[in-house]
Amino acid sequence: MPQTFSLAQCAMCRASVENNVSNGDTTVGAGLNMGILYLFVAPYLLAAVIGFLWYRNSRKKKVVPA
């Protein structure tokens, strides 16, 4: 199956970036990209923290005093 390349953005975001770039402000695109990365990483980070705490808690329960 051939891969297709797609650029997806909401219409409001695209219009905002295009408007700012046409006015000479290129910092909005970088801020938008950082926001996308934040939204991408946050759920995985939260799941990793919960998984670590669950693992650590389950290890504590298995320790039997001698």
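This tour moves through one predicted model, selection by selection. Local features require pLDDT of at least 70 and side-chain atom pairs pLDDT 80 or more, while totals for chains use all residues. Residues are numbered from 1 along each chain as its sequence is written, and side-chain values use heavy atoms, without hydrogens or water.

Of its 66 residues, 2% count as buried, meaning under 20% relative accessible area, with exposed over 50% and partly exposed in between (1.4 Å probe, protein chains only). The accessible surface, from the Shrake-Rupley method, comes to about 6,500 Å², and 67% of that belongs to carbon and sulfur atoms.

Next, select residues 11-22. This is helix H1, with twelve residues and a reach of 16 Å from first C-alpha to last, close to the expected 16 Å (1.5 Å times one less than the number of residues). Glycine 24, which follows H1, has a positive phi near 95 degrees.

Then select residues 27-62, helix H2, where 36 residues reach 52 Å from the first C-alpha to the last. At valine 41 in H2, shortly before proline 43, there is a kink of about 30 degrees, taken between axes fitted to the seven residues ending there and the seven starting there.

Finish at leucine 53, also in H2. Leucine 53 counts as partly exposed because its relative accessibility is 41%.

Key
Helices (H or I, at least four residues) and strands (E, at least two) are DSSP runs, numbered from the N terminus. Accessible areas come from the Shrake-Rupley method with a 1.4 Å probe; for residues, only the protein chains shown count as cover.
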